[in-house]
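Please read the points in order, with the structure in view.

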Amino acid sequence: MFEVLSNEVLAENLHKMVVSAPRIAKARKAGQFVIVRLAQGEERIPLTIGDADAAAGTITLFIQAIGASTRRIVQTQPGGFIRDVAGPLGKETHITNWGRVACIGGGVGTAVLFPLVKALHEAGNQITTIIGGRSERYIILENELTPLSEEFLVTTEDGSRGFKGFVTGPLSELLADPEKAPKAVFAVGPVPMMKAVANLTREKGIETIVSLNPIMIDGTGMCGGCRVQIGNETKFACVDGPEFDAHLVDFDGLSDRLTSYRKEEATCLAAECK
Ligand code: FES
């Protein structure tokens, strides 16, 4: 059993939970994730390890409560317990000093981006961070990301904060600036956002890494649920990823698979909300 030490609401349906998990906190690397199961018989939910404190024996999870299972998880209050937290899973992010990098986060993807920005900062990179959201209240982790970034930019679709529009606006300007153009780009967020970023950087030949969020079940490469097409190869995001070369990802296929169970998810949620 894993004790929940804190549970904070960061934005609508987005919680930050600190959980006691000493062995995972000690072993985890940036880019890795855990699979969480609230209780026996519950759904297994993959969650990026947003941060960890090896000395305190804690990990930080950012949870978007949009389905029946995630809604039940975020109802766990400090002092409560999660039955299973399995991990760390997946490959760690390849971190090096590229010099200049850009880190792009969309919505809850910003929470997945945070440990990457931290690791890239520690490796000496100069980082331009661009965070996008539907409106100001969906911009998260600004206080945490600003000190790690040489430049921190915000975009909102409704213009309530920062640039009006999408993250690709300021990214295009950045790519066109010879003094600021990044050597590598990291992007995490909705599939259309990652696809748009990949299309922009492909033209410029800039190495681009995305963290994918397919449906996962076992998290060990056995079930095939998380398969994604990367170039000519089928990969399993849980063991081969979750990060991949954005220029090789079949984003349309990923999008199709992510919506496969939408009807069942809606039925489940409706039953939960009765
Ligand atoms: Fe089952 Fe990846 S989650 S193979």
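Predicted model: local features only at pLDDT ≥ 70, side-chain atom pairs only at ≥ 80, totals over all residues.

1. UniProt positions follow the numbering used here, and its annotations may be inferred rather than shown by experiment. With that in mind, the unreviewed UniProt entry places the feature "domain: FAD-binding FR-type" at residues 1-95.

2. The protein chain contains nine helices and 16 strands. Its radius of gyration is 18 Å, close to the 19 Å given by the globule rule for 274 residues, so the chain is as compact as a globular protein of that length. The C-alpha trace spans about 55 × 40 × 35 Å along its principal axes.

3. Of the 274 residues in the protein chain, 43% are buried. Considering contacts between residues at least 6 apart in sequence, 64% join residues at least 24 apart.

4. In soluble globular proteins, nonpolar side chains tend to be buried together. Here, the largest nonpolar core comprises 75 residues. Cys-103, Ile-104, Phe-186, Val-197 and Val-210 have the most contacts inside this core. Both domain 1 (2-89) and domain 2 (100-258) contribute at least three residues to the core.

5. Which residues is Phe-186 in contact with, leaving aside its neighbours within four places in sequence? They are Val-101, Cys-103, Ile-104, Leu-113, Leu-116 and Ile-209. Two of these partners, Cys-103 and Ile-104, are listed with Phe-186 among the residues with the most contacts inside the core.

Note on methods. Residues numbered from 1 in each chain as written. Core = buried A, V, L, I, M, F, W, Y, C linked by C-beta atoms within 7 Å. Buried ≥ 20, exposed ≤ 12 C-beta atoms within 10 Å, placed from the backbone. Domains from an automatic or database assignment. Contact = placed C-beta atoms within 7 Å. Helix = DSSP H or I, 4+ residues; strand = E, 2+ residues; numbered from the N terminus. Rg over C-alpha atoms; globule rule 2.2 N^0.38 Å.
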